[in-house]
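My notes follow in the order I looked things up.

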2 protein chains.
Amino acid sequence: MTSMHNVPLASLQTLDTLDTPAAVIDVPRMLHNIQRMQSRMTALGVSFRPHVKTSKCVEVAHAQLAAGAAGVTVSTLKEAARFFDDGVTDILYAVGMVASKLPAALALRRRGCDLKIVTDSVASAQAIVAFGAEFGETFDVWIEIDTDGHRSGIRPDDDALLDVARVLHDGGATLGGVMTHAGSSYDFDTPEALAAIAEQERAGCVRAATRLRDAGLPCPVVSVGSTPTALAAAHLDGVTEVRAGVYVFFDLVMHNVGVCTTDELALSVLTTVIGHQAEKGWAIVDAGWMAMSRDRGTQKQKRDFGYGQVCRIDGSVMPGYVLSGANQEHGILSREGEPDPDIVTRFPIGTLLRILPNHACATGAQFPEYHAFGPDRELATWPRLHGW
Amino acid sequence: MTSMHNVPLASLQTLDTLDTPAAVIDVPRMLHNIQRMQSRMTALGVSFRPHVKTSKCVEVAHAQLAAGAAGVTVSTLKEAARFFDDGVTDILYAVGMVASKLPAALALRRRGCDLKIVTDSVASAQAIVAFGAEFGETFDVWIEIDTDGHRSGIRPDDDALLDVARVLHDGGATLGGVMTHAGSSYDFDTPEALAAIAEQERAGCVRAATRLRDAGLPCPVVSVGSTPTALAAAHLDGVTEVRAGVYVFFDLVMHNVGVCTTDELALSVLTTVIGHQAEKGWAIVDAGWMAMSRDRGTQKQKRDFGYGQVCRIDGSVMPGYVLSGANQEHGILSREGEPDPDIVTRFPIGTLLRILPNHACATGAQFPEYHAFGPDRELATWPRLHGW
């Protein structure tokens, strides 16, 4: 695997050579974010398994693993294959398994990938053990726990927990543990509320593990996490590992949640001013929704950044200037509140800007590659996985 | 170029062999949409230049050209290069040109591409003619007209129109014409309102052309269009060509605008049921926002389809069932209004469904390729361009 120290990076001075729009990673900020999370996980006494669905980029995952992460979490089996091809063997596929995806999971395991899979139903558990028996494969299966009602999983006190566990255990699968994701943590924005949802996530997942163990079933792993809860948890007693994804770049949604400052946002979209509607106070840029994504995650938060916060090319925020609208390849840059009468002279045609996104996972997905840069370093292009 | 008759296509029976999520094109519907638009353009006496930003797919563009389209419209220079490489020479790049993109435009023209570029400012017009003079290239430049205030362009009666035209003409560029796009047509949903915005688009663009001609300047092309206005215009007197994009697939936004039925929607996302939350009336599918895109274009329309309309694998609509929520790789399928108490038996784990998207341009962009199918035909994979 490549060490970050050997990866050539772009200086700010070379950003102006890029075609726009372009997704750029501020590598010192990214490394700061990685260190911040890893230090916290170490202090809390848990393993850390970053969710690489945010970056879908092996260079980023290398930096996370080099800082101390133990394995990765993926959201698709294509991600699993890519990261396994790149030398990562300890991989959790954190989306409920179905029969039609078992052949791809089997193929990865046969190639030596220590792939863990997830289920939350008797039906899928039965499919897993039947397929495992047919092909002589012992799958490592984690049971998904629902600790906040936002998506999938079995409630910690639901009878189905033991039903699913017994199907797996009796059917010859390895009962690897329990996992949960309190995605509703994104809906809060005070330290108290975040600490409370973190405790709810921890306690619920530990409760599920305890029930399994009390029933004589194995449950070595207790895996929890989301970026807000990982950063807000007061303690993680009973938890063995944490998963988080977006922390590696952070974004405006996380800024509104209150777990980062804008100085920690490591992903931005480089864009060029291509025109104006002076009487409206608009500059038109070449970052539309195709570049920013259609994610309007800050729309219902305490501060709505439109399609993104405008920054100078050096990354410094221009307070009050946002992308207030977007067409496919046109972004509308304006000042919040009163229109800027000096929009044309402030943002002449050809001006390069950087836009901080609402949601790094969604914005990154619009680009085939990132351009990584840091002070006094060379340009680097880091490919990003696309599709399934 | 490939004729549609020679393109192998998938039958419905083979859809169940695809990994999910997958973007699938119902080719008979697509060909119907292409024929519908082309027939209308022929009847209105105008050329038709489809906007390939919707599909970003050469196989789709071939079908449009085979049906009678004259050239294509693109939203990025990467699209221009891809379609030129594929044999299309008559290409309009419909986003305002800036100096930094002129070398790429020059390279295309030097290779034989009949690339037209667009401007709406004196500053960019000056950059174009200066660059053209330096490199001995006569660019074909169209002036963008703003007929509805929604984005870029010069108002038809603005003095700047003649200023820009003179900079181009006197500087040695070819003044190719005027073009406009009444994107605000998406905001209407009655035949009367659509006819009115279509007439506003037509009249404004013709007015701009008349002003140029009255000033002794050439203006051979008068180009207008959006899918709603193209389908709603009562006449197109003075217009020489129309551009439209999304009509090739249509989508739920266009359905709400009122220019298509759901039976005309040619793009859908194939997905698999992976779990349930029975007490909530939810089925969980593997099409989250990464597959559907974050586009919530129907949110403010007369009918909100969430992240998409649920259909059986044969494409038949299941009324009232929508994707009501989405995480990155999880979609939440539920019934509008009362939760469905039979959700588990109605949608067993492993069930394949197809989801009609809000916005075909945005959903398509989430996929590296389309799977094209039609009755009694073979599977075809059609690549889709990604990035800039």
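I began with a strand pair. Strand E7 (residues 174-180) of chain A runs parallel to strand E8 (residues 221-224) of chain A, and 3 bridges join them. Strands here are DSSP runs of at least two residues and helices (H or I) are runs of at least four, both numbered from the N terminus. Two strands pair if DSSP finds at least two bridges between them. I then looked up one position: Gly177(A) stands opposite Val221(A) in E8(A).

Conventions, before going on. This is a predicted model, where local features need pLDDT of at least 70 and side-chain atom pairs count only at pLDDT 80 or more, while totals for chains, interfaces and linings use all residues. Residues are numbered from 1 along each chain as its sequence is written, chains are lettered from A and ligands numbered from 1 in the order in which they are written, and side-chain values use heavy atoms, with hydrogens and water left out.

Next, the whole sheet. In chain A I read an open sheet of 8 strands with parallel pairing, in the order E2-E9-E8-E7-E6-E5-E4-E3. Strand E2 (47-48) and strand E3 (72-74) of chain A are the edges, each pairing on one side only.

Then I turned to the interface. I found 51 residues of chain A in contact (heavy atoms within 4.5 Å) with 51 residues of chain B. The two chains bury about 4400 Å² between them, 54% of it on carbon and sulfur atoms. Buried area is the accessible area (1.4 Å probe) lost on putting the two parts together, summed over both. Arg151(A), His386(A) and Trp388(A) supply 17% of the area that chain A buries against chain B, more than any other three residues.

I checked charges next. The count between chain A and chain B is 5 salt bridges (side-chain nitrogen of Lys or Arg within 4 Å of a carboxyl oxygen of Asp or Glu). One of them links Lys101(A) to Asp286(B), at 2.7 Å, N to O.

Last, symmetry. A rotation of 180 degrees with 0.0 Å of shift along its axis superposes chain A on chain B, RMSD 0.0 Å. The two copies are thus related as by a two-fold rotation axis. In chain A, the C-alpha nearest the axis belongs to Arg294(A), 2.4 Å from it.

Note on methods: Copies are superposed by least squares on the C-alpha atoms of residues with pLDDT of at least 70 in both.
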